[in-house]
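Please keep the structure open while reading.

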Amino acid sequence: MVLVEEFLEILERPTIGAVFVEIMVFLGPVWIAFLVGITVGWIWKPKWAAWKNCKFDFSVPSPPSASVPSTSKLLGFQSSEAPTPSFASYAETGSEIEQFDSGPSRLNTLPISDENLDHLWHLVERKDGGPTWKHMMDHSTPNMSYQAWQRHPETGPPQYCSRTVYEDATPELLRDFFWDDEFRVKWDDMLVHAETMEECPTTGTMVVHWVRKFPFFCSDREYIFARRIWESGRSYYCVTQGVPCPTIPRKDKPRRVDLYYSSWFIQAVESREGNGQLTACEVLLFHHEDMGIPWEIAKFGVRQGMWGTVRKIERGLRSYQKSRASNAKISHCALMAQVNTKIDPEYLKSTDGNEESLGTEIQVLPAKREGSINIPKLLIICGALVVACTLDQGIIPKTFLFNVAKRFGNIGKKASPRP
């Protein structure tokens, strides 16, 4: 009724010119929304709608390799970590660089050292001195439980930590599963290319080249990273981080991700059945990367797709479990996962030295009340205020907007009463 009354009031203007001006003001927001929709639709158009050779990629450009800070500094690690050697030094033989057409070549210089292990241990023990981990989600299935946290360092992209417990699984199975790229392409539909470029048969260190598929409005992403495993009893520290690679030229598509860190701690834990048997497996994951996408958009995408990805990983694990039980041939990547460095658990504790490590807090959220609705009242009221002040001559009265905002605020207040 408000719209009809405003339109009739416009028709009562004394001159045609005044009616025309008022109608233009009346339809202004509609035209603005239409133009915005056209612009957004054109920017995010799918590949099949490309016009001639025009290329649109509005993601943030990837920084050059030389300007990428070390993973330790981004995560608050205070030890004096040696700089990561250039990828070119890994394949050099004399004055020439080996080609990778004939399979993985031998690593001459290890890109991941004991200091990377020390850093992962501090993350696992919550002694890295970083920002507080804030709770994101908590889900479970009959065969798996999952928790996730995130935090925001002063520099660098958001960081994520997750704890997953798989029932009826062993640490050795999870170790091989995460390393097995040959099997990953069967369950991970985002991985379109995986190749082992170099490896060390003594330590099991590998340098790997991945290409991952992204949504249609983003170009695919290219990853070149090194990975290595340390074994402590039946627990495994698995370190994976990006390394520079001047031997492979950069391309517009896929876009290279320089800053990449994804590491696991795997150990056997007691089953949820409470029978005292260590028949379940716990995986702590620490992950962050700079995909060249605005971090707020990336955070939204991670939050929306995280649980679906976790369930897909669990399905892939169960398929891998059946494949191994059938005595299927073990891939080369899985065999390399079994080549690792043995360490004494007391050695890791001794790396703390005499200095007191800074603890990392984990935010504990109160239990949700049944039927509660989380409505950001401040956002609603501020949005109504902006619209009302902007459309001072518009078609919707200010009082109407504030009444709507007030009603939404009352909904959240009634659904989540104060204790």
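The side chains of aspartate 188 and arginine 212 make a polar contact at 3.0 Å. A polar contact is a pair of N or O atoms within 3.5 Å; within protein, one must be able to donate a hydrogen and the other to accept it, and residues adjacent in sequence count only if both atoms are side-chain atoms. This is a predicted model, in which local features need pLDDT of at least 70 and side-chain atom pairs count only at pLDDT 80 or more, while totals for chains, interfaces and linings use all residues. Residues are numbered from 1 along each chain as its sequence is written, and side-chain values use heavy atoms, with hydrogens and water left out.

Aspartate 188 sits in the loop between H6 and S7. Helices (H or I, at least four residues) and strands (E, at least two) are DSSP runs, numbered from the N terminus. The relative accessible area of aspartate 188 is 2%, so the residue is buried; buried means under 20% relative accessible area, exposed over 50%, and partly exposed in between (1.4 Å probe, protein chains only). Its side chain also reaches the backbone nitrogen of methionine 190, at 3.1 Å. Apart from neighbours within four places in sequence, aspartate 188 is in contact (heavy atoms within 4.5 Å) with Arg212 and Lys312.

Arginine 212 and aspartate 188 also form a salt bridge, with N to O at 3.0 Å. This pair joins distant parts of the chain: arginine 212 belongs to strand S8 (residues 206–212), and aspartate 188 to the loop between helix H6 (181–187) and strand S7 (191–199), 24 residues apart. A salt bridge is a side-chain nitrogen of Lys or Arg within 4 Å of a carboxyl oxygen of Asp or Glu. Both arginine 212 and aspartate 188 are buried.

How many salt bridges are found in the whole structure? The search gives 16. One of them pairs arginine 163 with glutamate 282, at 2.5 Å from N to O. Here too distant parts of the chain are linked, since arginine 163 is in strand S6 (residues 159–167) and glutamate 282 in strand S13 (residues 280–289), 119 residues apart. Arginine 163 has 27% relative accessibility and so counts as partly exposed, whereas glutamate 282, at 8%, is buried.

Aspartate 258 and arginine 250 form another salt bridge, at 2.7 Å from N to O. Aspartate 258 counts as buried because its relative accessibility is 14%; arginine 250, at 40%, is partly exposed. Elsewhere, salt bridges with shared partners join Arg184, Asp188, Asp189, Arg212 and Lys312 into one network.
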